[in-house]
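This report describes selected local features and chain relations of the structure shown below.

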4 protein chains.
Amino acid sequence: MEIKDFKHSIQLRVRSFEVDSQGIVHNAVYLQYFETGRIEYRRNFGIHLRPDGVFSDGMKVVVARNEIDYFIPSYLDELLDVHTKISWIKNSSFCFEQLIIKNLNKQTICQCSGILVNLNSKTNTPEKIDSKFINEVKNFEKELILKT
Amino acid sequence: MEIKDFKHSIQLRVRSFEVDSQGIVHNAVYLQYFETGRIEYRRNFGIHLRPDGVFSDGMKVVVARNEIDYFIPSYLDELLDVHTKISWIKNSSFCFEQLIIKNLNKQTICQCSGILVNLNSKTNTPEKIDSKFINEVKNFEKELILKT
Amino acid sequence: MEIKDFKHSIQLRVRSFEVDSQGIVHNAVYLQYFETGRIEYRRNFGIHLRPDGVFSDGMKVVVARNEIDYFIPSYLDELLDVHTKISWIKNSSFCFEQLIIKNLNKQTICQCSGILVNLNSKTNTPEKIDSKFINEVKNFEKELILKT
Amino acid sequence: MEIKDFKHSIQLRVRSFEVDSQGIVHNAVYLQYFETGRIEYRRNFGIHLRPDGVFSDGMKVVVARNEIDYFIPSYLDELLDVHTKISWIKNSSFCFEQLIIKNLNKQTICQCSGILVNLNSKTNTPEKIDSKFINEVKNFEKELILKT
(Lines give C-alpha, C1' and ligand atoms only; values in the text may rest on other atoms or scores of the structure.)
Protein backbone atom coordinates (compact mmCIF):
# COMPACT_ATOMS: atom_id res chain seq x y z
CA MET A 1 0.00 0.00 0.00
CA GLU A 2 1.17 3.51 -0.83
CA ILE A 3 -0.26 6.86 0.25
CA LYS A 4 -0.82 7.92 -3.35
CA ASP A 5 -3.38 5.11 -3.83
CA PHE A 6 -5.71 6.58 -1.22
CA LYS A 7 -8.28 9.31 -1.77
CA HIS A 8 -9.69 9.43 1.76
CA SER A 9 -7.89 10.29 4.98
CA ILE A 10 -8.63 11.65 8.43
CA GLN A 11 -6.40 13.09 11.14
CA LEU A 12 -6.23 11.79 14.69
CA ARG A 13 -4.06 12.73 17.63
CA VAL A 14 -2.70 10.06 20.01
CA ARG A 15 -4.40 10.46 23.40
CA SER A 16 -2.85 9.86 26.82
CA PHE A 17 -5.02 6.80 27.52
CA GLU A 18 -4.12 5.15 24.19
CA VAL A 19 -0.45 4.74 25.12
CA ASP A 20 0.60 1.67 27.09
CA SER A 21 3.23 0.71 29.65
CA GLN A 22 5.95 0.81 26.99
CA GLY A 23 5.06 4.44 26.17
CA ILE A 24 3.74 3.54 22.70
CA VAL A 25 0.23 3.30 21.25
CA HIS A 26 -1.21 -0.09 22.20
CA ASN A 27 -1.68 -2.57 19.34
CA ALA A 28 -5.46 -2.83 19.97
CA VAL A 29 -5.95 0.95 19.75
CA TYR A 30 -5.04 0.96 16.05
CA LEU A 31 -8.20 -1.06 15.39
CA GLN A 32 -10.12 1.84 16.95
CA TYR A 33 -8.29 4.28 14.67
CA PHE A 34 -8.99 2.07 11.64
CA GLU A 35 -12.67 1.84 12.53
CA THR A 36 -12.89 5.60 12.91
CA GLY A 37 -11.39 5.89 9.42
CA ARG A 38 -13.94 3.42 8.03
CA ILE A 39 -16.86 5.32 9.51
CA GLU A 40 -15.59 8.68 8.24
CA TYR A 41 -15.06 7.11 4.80
CA ARG A 42 -18.80 6.53 4.63
CA ARG A 43 -19.62 9.97 6.06
CA ASN A 44 -17.87 11.26 2.96
CA PHE A 45 -20.82 9.82 0.96
CA GLY A 46 -23.34 11.43 3.31
CA ILE A 47 -23.93 8.26 5.35
CA HIS A 48 -23.76 8.30 9.15
CA LEU A 49 -24.19 5.80 11.95
CA ARG A 50 -27.54 5.65 13.74
CA PRO A 51 -27.61 5.11 17.53
CA ASP A 52 -28.24 1.37 17.03
CA GLY A 53 -24.99 0.88 15.07
CA VAL A 54 -26.73 0.63 11.67
CA PHE A 55 -25.78 3.11 8.94
CA SER A 56 -28.32 5.73 7.87
CA ASP A 57 -28.81 3.97 4.49
CA GLY A 58 -29.86 0.79 6.32
CA MET A 59 -26.51 -0.98 5.88
CA LYS A 60 -25.31 -3.05 8.83
CA VAL A 61 -21.81 -4.47 8.76
CA VAL A 62 -19.72 -6.64 11.02
CA VAL A 63 -15.98 -7.30 10.95
CA ALA A 64 -14.99 -10.79 9.76
CA ARG A 65 -11.22 -10.37 9.58
CA ASN A 66 -8.49 -7.89 10.45
CA GLU A 67 -4.91 -8.30 9.35
CA ILE A 68 -2.58 -5.68 10.80
CA ASP A 69 1.14 -5.18 10.23
CA TYR A 70 2.86 -2.90 12.72
CA PHE A 71 6.06 -1.28 11.39
CA ILE A 72 7.10 1.45 13.84
CA PRO A 73 5.61 2.74 17.10
CA SER A 74 3.68 5.97 17.54
CA TYR A 75 3.84 8.10 20.65
CA LEU A 76 1.70 10.31 22.86
CA ASP A 77 0.35 13.47 21.21
CA GLU A 78 1.54 12.55 17.70
CA LEU A 79 -0.68 13.61 14.83
CA LEU A 80 -1.63 10.66 12.62
CA ASP A 81 -3.22 10.36 9.19
CA VAL A 82 -5.51 7.37 8.67
CA HIS A 83 -5.83 6.59 4.94
CA THR A 84 -8.76 4.42 3.90
CA LYS A 85 -9.93 2.77 0.69
CA ILE A 86 -12.13 -0.10 -0.37
CA SER A 87 -10.18 -2.47 -2.57
CA TRP A 88 -12.75 -5.14 -3.44
CA ILE A 89 -16.44 -5.95 -3.12
CA LYS A 90 -17.94 -9.43 -3.33
CA ASN A 91 -21.51 -10.62 -3.02
CA SER A 92 -21.95 -9.92 0.72
CA SER A 93 -18.48 -8.81 1.82
CA PHE A 94 -15.92 -6.12 1.04
CA CYS A 95 -12.40 -5.17 1.98
CA PHE A 96 -11.00 -2.01 3.57
CA GLU A 97 -7.30 -1.36 3.07
CA GLN A 98 -5.81 1.23 5.38
CA LEU A 99 -2.55 2.93 6.29
CA ILE A 100 -1.66 4.95 9.37
CA ILE A 101 1.06 7.53 8.75
CA LYS A 102 2.91 10.02 10.95
CA ASN A 103 1.65 13.41 9.80
CA LEU A 104 5.02 15.03 10.52
CA ASN A 105 7.35 12.87 8.45
CA LYS A 106 5.02 10.55 6.49
CA GLN A 107 6.52 7.38 8.00
CA THR A 108 4.15 4.39 7.89
CA ILE A 109 3.23 3.15 11.37
CA CYS A 110 0.96 0.26 10.41
CA GLN A 111 -1.36 -1.07 7.75
CA CYS A 112 -4.57 -3.05 7.93
CA SER A 113 -6.63 -5.14 5.62
CA GLY A 114 -10.11 -5.67 7.03
CA ILE A 115 -12.95 -7.74 5.63
CA LEU A 116 -16.49 -6.69 6.54
CA VAL A 117 -19.68 -8.64 6.01
CA ASN A 118 -22.97 -7.03 5.11
CA LEU A 119 -25.81 -8.26 7.34
CA ASN A 120 -29.54 -8.24 7.10
CA SER A 121 -30.23 -5.84 9.97
CA LYS A 122 -33.12 -7.94 11.24
CA THR A 123 -31.81 -11.50 10.97
CA ASN A 124 -28.11 -10.66 11.33
CA THR A 125 -27.30 -13.09 8.51
CA PRO A 126 -25.11 -12.21 5.49
CA GLU A 127 -26.96 -10.40 2.73
CA LYS A 128 -26.13 -9.27 -0.81
CA ILE A 129 -24.60 -5.80 -0.85
CA ASP A 130 -26.88 -3.12 -2.31
CA SER A 131 -25.92 -1.73 -5.71
CA LYS A 132 -26.15 1.82 -4.30
CA PHE A 133 -23.14 1.11 -2.05
CA ILE A 134 -21.23 -0.55 -4.91
CA ASN A 135 -21.82 2.44 -7.15
CA GLU A 136 -20.78 4.94 -4.48
CA VAL A 137 -17.47 3.15 -4.01
CA LYS A 138 -16.94 2.52 -7.76
CA ASN A 139 -17.37 6.20 -8.50
CA PHE A 140 -14.97 7.20 -5.74
CA GLU A 141 -12.06 4.75 -5.87
CA LYS A 142 -9.49 4.76 -8.66
CA GLU A 143 -9.32 1.00 -8.64
CA LEU A 144 -11.99 -1.33 -7.33
CA ILE A 145 -12.19 -5.06 -7.91
CA LEU A 146 -15.70 -6.48 -8.20
CA LYS A 147 -15.39 -10.16 -7.31
CA THR A 148 -18.07 -12.55 -8.34
CA MET B 1 -14.16 4.41 54.16
CA GLU B 2 -12.29 1.53 55.73
CA ILE B 3 -11.79 -2.01 54.42
CA LYS B 4 -13.46 -3.51 57.49
CA ASP B 5 -16.77 -1.87 56.51
CA PHE B 6 -16.98 -3.85 53.28
CA LYS B 7 -18.34 -7.38 52.90
CA HIS B 8 -17.89 -7.69 49.10
CA SER B 9 -14.67 -7.56 47.12
CA ILE B 10 -13.23 -8.78 43.84
CA GLN B 11 -9.68 -9.07 42.55
CA LEU B 12 -8.42 -7.47 39.35
CA ARG B 13 -4.99 -7.30 37.79
CA VAL B 14 -3.80 -4.13 36.03
CA ARG B 15 -3.54 -4.82 32.29
CA SER B 16 -0.97 -3.42 29.88
CA PHE B 17 -3.53 -1.28 28.00
CA GLU B 18 -4.88 0.31 31.22
CA VAL B 19 -1.62 2.07 32.01
CA ASP B 20 -0.97 5.48 30.46
CA SER B 21 1.98 7.54 29.26
CA GLN B 22 3.07 8.22 32.87
CA GLY B 23 3.27 4.46 33.53
CA ILE B 24 0.30 4.51 35.93
CA VAL B 25 -3.30 3.33 35.63
CA HIS B 26 -5.28 6.04 33.83
CA ASN B 27 -7.84 7.91 35.94
CA ALA B 28 -10.74 6.84 33.68
CA VAL B 29 -9.87 3.14 33.99
CA TYR B 30 -10.76 3.12 37.70
CA LEU B 31 -14.39 3.80 36.70
CA GLN B 32 -14.21 0.55 34.70
CA TYR B 33 -12.84 -1.25 37.77
CA PHE B 34 -15.57 0.28 39.97
CA GLU B 35 -18.27 -0.77 37.52
CA THR B 36 -16.92 -4.32 37.42
CA GLY B 37 -17.13 -4.35 41.22
CA ARG B 38 -20.74 -3.08 41.09
CA ILE B 39 -21.79 -5.80 38.64
CA GLU B 40 -20.09 -8.55 40.65
CA TYR B 41 -21.75 -7.21 43.81
CA ARG B 42 -25.10 -8.04 42.24
CA ARG B 43 -23.90 -11.42 40.90
CA ASN B 44 -23.37 -12.23 44.57
CA PHE B 45 -27.21 -12.14 44.88
CA GLY B 46 -27.64 -14.35 41.81
CA ILE B 47 -28.36 -11.44 39.47
CA HIS B 48 -26.51 -11.08 36.16
CA LEU B 49 -26.52 -8.66 33.25
CA ARG B 50 -28.52 -9.58 30.15
CA PRO B 51 -27.09 -8.78 26.69
CA ASP B 52 -29.18 -5.57 26.54
CA GLY B 53 -27.57 -4.12 29.67
CA VAL B 54 -30.60 -4.81 31.89
CA PHE B 55 -30.13 -7.02 34.98
CA SER B 56 -31.75 -10.46 35.04
CA ASP B 57 -34.30 -9.30 37.67
CA GLY B 58 -35.49 -6.57 35.29
CA MET B 59 -33.60 -3.76 37.02
CA LYS B 60 -32.05 -1.13 34.73
CA VAL B 61 -29.72 1.45 36.24
CA VAL B 62 -27.79 4.42 34.98
CA VAL B 63 -24.98 6.38 36.63
CA ALA B 64 -25.98 9.87 37.82
CA ARG B 65 -22.81 10.84 39.69
CA ASN B 66 -19.29 9.59 40.35
CA GLU B 67 -16.99 11.18 42.90
CA ILE B 68 -13.49 9.71 42.88
CA ASP B 69 -10.53 10.55 45.10
CA TYR B 70 -7.18 9.28 43.85
CA PHE B 71 -4.57 8.83 46.60
CA ILE B 72 -1.64 6.87 45.13
CA PRO B 73 -0.95 5.43 41.69
CA SER B 74 -1.15 1.76 40.72
CA TYR B 75 1.14 0.13 38.19
CA LEU B 76 1.16 -2.51 35.46
CA ASP B 77 0.47 -6.07 36.61
CA GLU B 78 -0.46 -5.11 40.20
CA LEU B 79 -3.17 -7.15 41.86
CA LEU B 80 -5.99 -4.95 43.15
CA ASP B 81 -8.94 -5.54 45.47
CA VAL B 82 -12.12 -3.65 44.64
CA HIS B 83 -14.32 -3.37 47.74
CA THR B 84 -17.98 -2.50 47.17
CA LYS B 85 -20.97 -1.68 49.37
CA ILE B 86 -24.27 0.10 49.05
CA SER B 87 -24.53 2.81 51.70
CA TRP B 88 -27.98 4.26 51.09
CA ILE B 89 -31.16 3.72 49.07
CA LYS B 90 -33.74 6.39 48.29
CA ASN B 91 -36.96 6.23 46.31
CA SER B 92 -35.40 5.74 42.84
CA SER B 93 -31.66 6.06 43.52
CA PHE B 94 -28.94 4.42 45.60
CA CYS B 95 -25.30 4.90 46.42
CA PHE B 96 -22.30 2.61 45.90
CA GLU B 97 -19.25 3.31 48.06
CA GLN B 98 -16.07 1.65 46.88
CA LEU B 99 -12.38 1.33 47.68
CA ILE B 100 -9.53 0.06 45.52
CA ILE B 101 -6.66 -1.41 47.52
CA LYS B 102 -3.26 -2.86 46.60
CA ASN B 103 -3.57 -6.56 47.35
CA LEU B 104 0.09 -6.78 48.35
CA ASN B 105 0.27 -4.13 51.06
CA LYS B 106 -3.34 -2.98 51.56
CA GLN B 107 -2.58 0.63 50.59
CA THR B 108 -5.65 2.55 49.38
CA ILE B 109 -5.30 3.66 45.75
CA CYS B 110 -8.62 5.44 45.35
CA GLN B 111 -12.19 5.61 46.56
CA CYS B 112 -15.46 6.29 44.78
CA SER B 113 -18.93 7.28 45.74
CA GLY B 114 -21.35 6.64 42.88
CA ILE B 115 -25.05 7.42 42.67
CA LEU B 116 -27.16 5.24 40.38
CA VAL B 117 -30.72 5.85 39.26
CA ASN B 118 -33.22 3.07 38.74
CA LEU B 119 -35.00 3.39 35.38
CA ASN B 120 -38.17 1.99 33.93
CA SER B 121 -36.57 -0.23 31.28
CA LYS B 122 -39.14 0.82 28.67
CA THR B 123 -39.47 4.55 29.18
CA ASN B 124 -35.96 5.13 30.60
CA THR B 125 -37.44 7.43 33.25
CA PRO B 126 -36.69 7.15 37.00
CA GLU B 127 -38.79 4.56 38.79
CA LYS B 128 -39.27 3.50 42.44
CA ILE B 129 -36.77 0.82 43.45
CA ASP B 130 -38.32 -2.62 43.97
CA SER B 131 -38.54 -3.87 47.55
CA LYS B 132 -36.82 -7.12 46.51
CA PHE B 133 -33.62 -5.17 45.79
CA ILE B 134 -33.92 -3.19 49.03
CA ASN B 135 -34.31 -6.39 51.04
CA GLU B 136 -31.37 -8.08 49.33
CA VAL B 137 -29.10 -5.18 50.23
CA LYS B 138 -30.55 -4.73 53.76
CA ASN B 139 -29.92 -8.38 54.55
CA PHE B 140 -26.35 -8.21 53.24
CA GLU B 141 -24.91 -4.88 54.43
CA LYS B 142 -24.04 -4.20 58.07
CA GLU B 143 -25.27 -0.65 57.77
CA LEU B 144 -27.71 0.67 55.23
CA ILE B 145 -29.49 4.00 55.34
CA LEU B 146 -32.99 4.02 53.88
CA LYS B 147 -33.68 7.63 52.91
CA THR B 148 -37.23 8.76 52.41
CA MET C 1 -21.73 25.96 35.25
CA GLU C 2 -22.97 27.73 32.13
CA ILE C 3 -21.58 27.68 28.59
CA LYS C 4 -21.10 31.45 28.60
CA ASP C 5 -18.50 31.15 31.39
CA PHE C 6 -16.17 29.11 29.19
CA LYS C 7 -13.68 30.47 26.68
CA HIS C 8 -12.18 27.15 25.55
CA SER C 9 -13.94 24.27 23.84
CA ILE C 10 -13.19 21.36 21.54
CA GLN C 11 -15.40 19.14 19.42
CA LEU C 12 -15.51 15.35 19.67
CA ARG C 13 -17.64 12.76 17.97
CA VAL C 14 -18.91 9.69 19.86
CA ARG C 15 -17.16 6.59 18.50
CA SER C 16 -18.63 3.10 18.12
CA PHE C 17 -16.39 1.61 20.83
CA GLU C 18 -17.33 4.31 23.37
CA VAL C 19 -20.95 3.24 23.56
CA ASP C 20 -21.92 0.46 25.95
CA SER C 21 -24.48 -2.32 26.18
CA GLN C 22 -27.27 0.20 26.88
CA GLY C 23 -26.47 2.05 23.62
CA ILE C 24 -25.16 5.13 25.46
CA VAL C 25 -21.68 6.53 26.04
CA HIS C 26 -20.15 4.67 29.00
CA ASN C 27 -19.67 6.73 32.18
CA ALA C 28 -15.88 6.13 32.19
CA VAL C 29 -15.47 7.42 28.63
CA TYR C 30 -16.45 10.96 29.67
CA LEU C 31 -13.25 11.08 31.76
CA GLN C 32 -11.37 10.43 28.51
CA TYR C 33 -13.28 13.28 26.85
CA PHE C 34 -12.58 15.58 29.81
CA GLU C 35 -8.88 14.73 29.72
CA THR C 36 -8.74 15.45 26.00
CA GLY C 37 -10.29 18.84 26.74
CA ARG C 38 -7.72 19.52 29.49
CA ILE C 39 -4.81 18.70 27.18
CA GLU C 40 -6.18 20.85 24.34
CA TYR C 41 -6.73 23.69 26.83
CA ARG C 42 -2.99 23.75 27.40
CA ARG C 43 -2.21 23.40 23.67
CA ASN C 44 -4.04 26.70 23.34
CA PHE C 45 -1.10 28.26 25.24
CA GLY C 46 1.43 26.52 22.98
CA ILE C 47 2.11 23.69 25.45
CA HIS C 48 2.00 20.05 24.34
CA LEU C 49 2.54 16.65 25.93
CA ARG C 50 5.91 14.96 25.49
CA PRO C 51 6.05 11.19 24.94
CA ASP C 52 6.74 10.62 28.66
CA GLY C 53 3.48 12.29 29.73
CA VAL C 54 5.18 15.51 30.92
CA PHE C 55 4.13 18.82 29.32
CA SER C 56 6.60 20.64 27.08
CA ASP C 57 7.07 23.38 29.72
CA GLY C 58 8.22 20.76 32.23
CA MET C 59 4.91 20.60 34.12
CA LYS C 60 3.79 17.16 35.28
CA VAL C 61 0.32 16.76 36.71
CA VAL C 62 -1.69 13.93 38.18
CA VAL C 63 -5.42 13.72 38.88
CA ALA C 64 -6.34 13.85 42.59
CA ARG C 65 -10.12 14.05 42.29
CA ASN C 66 -12.89 13.87 39.70
CA GLU C 67 -16.49 14.74 40.46
CA ILE C 68 -18.85 14.03 37.57
CA ASP C 69 -22.58 14.66 37.31
CA TYR C 70 -24.31 12.87 34.44
CA PHE C 71 -27.56 14.55 33.33
CA ILE C 72 -28.63 12.97 30.03
CA PRO C 73 -27.11 10.23 27.85
CA SER C 74 -25.24 10.76 24.60
CA TYR C 75 -25.39 8.39 21.67
CA LEU C 76 -23.26 6.92 18.89
CA ASP C 77 -22.02 9.44 16.30
CA GLU C 78 -23.23 12.52 18.20
CA LEU C 79 -21.08 15.63 17.97
CA LEU C 80 -20.12 16.92 21.41
CA ASP C 81 -18.57 20.16 22.66
CA VAL C 82 -16.23 19.86 25.62
CA HIS C 83 -15.95 23.21 27.43
CA THR C 84 -12.99 23.66 29.77
CA LYS C 85 -11.85 26.30 32.24
CA ILE C 86 -9.60 26.52 35.27
CA SER C 87 -11.54 27.94 38.21
CA TRP C 88 -8.92 28.09 40.96
CA ILE C 89 -5.20 27.62 41.59
CA LYS C 90 -3.65 26.85 44.96
CA ASN C 91 -0.04 26.29 45.98
CA SER C 92 0.45 22.91 44.23
CA SER C 93 -3.03 22.09 42.89
CA PHE C 94 -5.66 23.56 40.58
CA CYS C 95 -9.19 22.86 39.44
CA PHE C 96 -10.62 22.20 35.98
CA GLU C 97 -14.34 22.79 35.57
CA GLN C 98 -15.84 21.27 32.43
CA LEU C 99 -19.11 20.82 30.60
CA ILE C 100 -20.02 18.41 27.81
CA ILE C 101 -22.78 19.69 25.55
CA LYS C 102 -24.65 18.26 22.56
CA ASN C 103 -23.48 20.32 19.62
CA LEU C 104 -26.87 20.03 17.92
CA ASN C 105 -29.18 21.37 20.61
CA LYS C 106 -26.84 22.63 23.37
CA GLN C 107 -28.25 20.25 25.99
CA THR C 108 -25.83 19.56 28.86
CA ILE C 109 -24.82 15.90 29.03
CA CYS C 110 -22.51 16.04 32.04
CA GLN C 111 -20.21 18.26 34.04
CA CYS C 112 -16.95 17.58 35.84
CA SER C 113 -14.89 19.26 38.47
CA GLY C 114 -11.36 17.81 38.54
CA ILE C 115 -8.51 18.63 40.88
CA LEU C 116 -4.98 18.15 39.56
CA VAL C 117 -1.76 18.16 41.52
CA ASN C 118 1.49 19.55 40.18
CA LEU C 119 4.37 17.11 40.68
CA ASN C 120 8.11 17.44 40.68
CA SER C 121 8.80 15.39 37.55
CA LYS C 122 11.76 13.63 39.17
CA THR C 123 10.51 12.86 42.69
CA ASN C 124 6.78 12.67 41.82
CA THR C 125 5.97 14.66 44.97
CA PRO C 126 3.74 17.77 45.01
CA GLU C 127 5.50 20.96 44.03
CA LYS C 128 4.58 24.66 44.00
CA ILE C 129 2.98 25.65 40.67
CA ASP C 130 5.17 27.85 38.49
CA SER C 131 4.14 31.50 38.14
CA LYS C 132 4.32 31.17 34.34
CA PHE C 133 1.36 28.74 34.42
CA ILE C 134 -0.56 30.96 36.85
CA ASN C 135 -0.09 33.98 34.60
CA GLU C 136 -1.12 32.09 31.47
CA VAL C 137 -4.39 31.07 33.11
CA LYS C 138 -4.98 34.45 34.79
CA ASN C 139 -4.63 36.24 31.47
CA PHE C 140 -7.00 33.83 29.75
CA GLU C 141 -9.87 33.19 32.18
CA LYS C 142 -12.49 35.80 32.99
CA GLU C 143 -12.56 34.72 36.60
CA LEU C 144 -9.83 32.86 38.43
CA ILE C 145 -9.55 32.36 42.18
CA LEU C 146 -6.02 32.31 43.54
CA LYS C 147 -6.24 30.41 46.82
CA THR C 148 -3.49 30.81 49.38
CA MET D 1 -6.81 -24.39 15.40
CA GLU D 2 -8.59 -26.77 17.76
CA ILE D 3 -9.03 -26.55 21.54
CA LYS D 4 -7.27 -29.88 22.07
CA ASP D 5 -4.01 -28.39 20.71
CA PHE D 6 -3.82 -25.86 23.54
CA LYS D 7 -2.39 -26.44 27.00
CA HIS D 8 -2.89 -22.91 28.37
CA SER D 9 -6.14 -21.04 28.86
CA ILE D 10 -7.60 -18.27 31.00
CA GLN D 11 -11.17 -17.19 31.68
CA LEU D 12 -12.50 -13.69 31.08
CA ARG D 13 -15.95 -12.21 31.42
CA VAL D 14 -17.26 -9.66 28.90
CA ARG D 15 -17.57 -6.28 30.63
CA SER D 16 -20.19 -3.63 30.01
CA PHE D 17 -17.70 -1.18 28.46
CA GLU D 18 -16.35 -3.78 26.00
CA VAL D 19 -19.63 -4.09 24.13
CA ASP D 20 -20.39 -1.66 21.32
CA SER D 21 -23.38 0.00 19.73
CA GLN D 22 -24.43 -3.28 18.08
CA GLY D 23 -24.55 -4.99 21.49
CA ILE D 24 -21.54 -7.21 20.71
CA VAL D 25 -17.93 -7.19 21.88
CA HIS D 26 -16.03 -4.65 19.77
CA ASN D 27 -13.47 -6.10 17.31
CA ALA D 28 -10.59 -4.17 18.94
CA VAL D 29 -11.37 -5.53 22.43
CA TYR D 30 -10.42 -9.07 21.36
CA LEU D 31 -6.83 -7.84 20.94
CA GLN D 32 -6.96 -6.85 24.62
CA TYR D 33 -8.25 -10.33 25.50
CA PHE D 34 -5.52 -11.95 23.37
CA GLU D 35 -2.85 -9.83 25.03
CA THR D 36 -4.12 -10.77 28.48
CA GLY D 37 -3.84 -14.43 27.42
CA ARG D 38 -0.29 -13.87 26.18
CA ILE D 39 0.81 -12.26 29.47
CA GLU D 40 -0.80 -15.01 31.58
CA TYR D 41 0.89 -17.62 29.37
CA ARG D 42 4.22 -16.28 30.54
CA ARG D 43 3.08 -16.00 34.18
CA ASN D 44 2.63 -19.76 33.94
CA PHE D 45 6.44 -19.96 33.70
CA GLY D 46 6.87 -17.62 36.68
CA ILE D 47 7.51 -14.54 34.55
CA HIS D 48 5.60 -11.30 35.16
CA LEU D 49 5.51 -7.82 33.68
CA ARG D 50 7.47 -5.07 35.42
CA PRO D 51 5.95 -1.56 35.64
CA ASP D 52 7.99 -0.45 32.60
CA GLY D 53 6.39 -3.09 30.34
CA VAL D 54 9.47 -5.34 30.31
CA PHE D 55 9.10 -8.95 31.56
CA SER D 56 10.80 -9.95 34.82
CA ASP D 57 13.35 -12.07 32.93
CA GLY D 58 14.46 -8.99 30.97
CA MET D 59 12.54 -9.89 27.80
CA LYS D 60 10.90 -7.00 25.95
CA VAL D 61 8.53 -7.76 23.09
CA VAL D 62 6.52 -5.73 20.64
CA VAL D 63 3.70 -6.81 18.33
CA ALA D 64 4.64 -6.95 14.63
CA ARG D 65 1.49 -8.52 13.22
CA ASN D 66 -2.00 -9.59 14.27
CA GLU D 67 -4.28 -11.63 12.07
CA ILE D 68 -7.76 -12.09 13.53
CA ASP D 69 -10.70 -14.05 12.15
CA TYR D 70 -14.04 -13.28 13.77
CA PHE D 71 -16.60 -16.10 13.46
CA ILE D 72 -19.51 -15.32 15.80
CA PRO D 73 -20.21 -12.43 18.18
CA SER D 74 -19.94 -12.54 21.96
CA TYR D 75 -22.25 -10.64 24.29
CA LEU D 76 -22.25 -8.76 27.58
CA ASP D 77 -21.47 -10.86 30.65
CA GLU D 78 -20.50 -13.99 28.71
CA LEU D 79 -17.73 -16.11 30.15
CA LEU D 80 -14.93 -16.67 27.63
CA ASP D 81 -11.94 -19.01 27.50
CA VAL D 82 -8.80 -17.60 25.86
CA HIS D 83 -6.57 -20.46 24.67
CA THR D 84 -2.94 -19.60 23.95
CA LYS D 85 0.06 -21.40 22.50
CA ILE D 86 3.33 -20.53 20.83
CA SER D 87 3.55 -22.28 17.48
CA TRP D 88 6.99 -21.21 16.20
CA ILE D 89 10.13 -19.37 17.24
CA LYS D 90 12.63 -17.81 14.86
CA ASN D 91 15.83 -15.88 15.52
CA SER D 92 14.23 -12.75 16.99
CA SER D 93 10.49 -13.36 16.56
CA PHE D 94 7.85 -15.88 17.59
CA CYS D 95 4.19 -16.60 16.95
CA PHE D 96 1.24 -16.82 19.35
CA GLU D 97 -1.78 -18.75 18.10
CA GLN D 98 -4.94 -18.18 20.08
CA LEU D 99 -8.61 -19.11 20.22
CA ILE D 100 -11.47 -17.45 22.10
CA ILE D 101 -14.27 -19.84 23.00
CA LYS D 102 -17.66 -19.44 24.69
CA ASN D 103 -17.26 -21.20 28.02
CA LEU D 104 -20.89 -22.31 28.00
CA ASN D 105 -21.10 -24.15 24.69
CA LYS D 106 -17.49 -24.23 23.38
CA GLN D 107 -18.34 -22.29 20.21
CA THR D 108 -15.34 -20.53 18.68
CA ILE D 109 -15.76 -16.75 18.64
CA CYS D 110 -12.49 -15.78 17.00
CA GLN D 111 -8.90 -16.82 16.44
CA CYS D 112 -5.68 -14.85 16.24
CA SER D 113 -2.22 -15.41 14.95
CA GLY D 114 0.17 -12.81 16.35
CA ILE D 115 3.85 -12.32 15.62
CA LEU D 116 5.97 -10.69 18.32
CA VAL D 117 9.49 -9.37 18.00
CA ASN D 118 12.06 -9.61 20.77
CA LEU D 119 13.76 -6.25 21.39
CA ASN D 120 16.94 -5.20 23.09
CA SER D 121 15.36 -3.34 26.00
CA LYS D 122 17.85 -0.47 25.72
CA THR D 123 18.12 0.10 21.97
CA ASN D 124 14.61 -1.16 21.07
CA THR D 125 16.09 -3.01 18.08
CA PRO D 126 15.41 -6.70 17.31
CA GLU D 127 17.57 -9.12 19.25
CA LYS D 128 18.14 -12.89 19.21
CA ILE D 129 15.71 -14.67 21.53
CA ASP D 130 17.35 -16.13 24.67
CA SER D 131 17.65 -19.92 24.83
CA LYS D 132 15.98 -19.87 28.27
CA PHE D 133 12.73 -18.69 26.65
CA ILE D 134 13.04 -21.24 23.83
CA ASN D 135 13.52 -24.06 26.32
CA GLU D 136 10.59 -22.95 28.47
CA VAL D 137 8.28 -23.06 25.48
CA LYS D 138 9.78 -26.26 24.01
CA ASN D 139 9.23 -28.10 27.30
CA PHE D 140 5.65 -26.85 27.55
CA GLU D 141 4.16 -27.07 24.05
CA LYS D 142 3.34 -30.39 22.40
CA GLU D 143 4.47 -29.08 19.06
CA LEU D 144 6.86 -26.20 18.48
CA ILE D 145 8.56 -25.31 15.22
CA LEU D 146 12.04 -23.85 15.56
CA LYS D 147 12.63 -21.88 12.37
CA THR D 148 16.13 -21.03 11.38
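K85(D) touches D5(D), F6(D), K7(D), H8(D), E97(D) and E141(D), leaving aside residues up to four places away in sequence; two residues are in contact if their C-beta atoms, placed from the backbone, lie within 7 Å. This is a predicted model, in which local features need pLDDT of at least 70 and side-chain atom pairs count only at pLDDT 80 or more, while totals for chains, interfaces and linings use all residues. Residues are numbered from 1 along each chain as its sequence is written, and chains are lettered from A and ligands numbered from 1 in the order in which they are written.

K85(D) belongs to strand β3 of chain D, residues 79-89. Helices (H or I, at least four residues) and strands (E, at least two) are DSSP runs, numbered from the N terminus. K85(D) is buried because 23 other C-beta atoms lie within 10 Å. The classes are buried for 20 or more other C-beta atoms within 10 Å of a residue's own, exposed for 12 or fewer, and partly exposed in between, with C-beta atoms placed from the backbone. From K85(D) to K102(D) the separation is 17 residues in sequence and 18 Å in space, C-alpha to C-alpha.

Most residues other than glycine have a negative phi.

**Relations between chains**

Chain A is superposed on chain D by a rotation of 180° with 0.0 Å of shift along its axis, at an RMSD of 0.0 Å. This is the relation of a two-fold axis. In chain A, the C-alpha nearest the axis belongs to E67(A), at 2.2 Å from it. Such superpositions are by least squares on the C-alpha atoms of residues with pLDDT of at least 70 in both copies. Of the interface residues of chain A, 100% are also interface residues in chain D, so the copies meet through the same surface.

Between chains C and D, nine residues of chain C are in contact with nine residues of chain D. The side of chain C that touches chain D comprises four nonpolar, four polar and one charged residues. Here Ala, Val, Leu, Ile, Met, Phe, Trp, Tyr, Cys and Pro count as nonpolar, Asp, Glu, Lys and Arg as charged, and the others, Gly among them, as polar.
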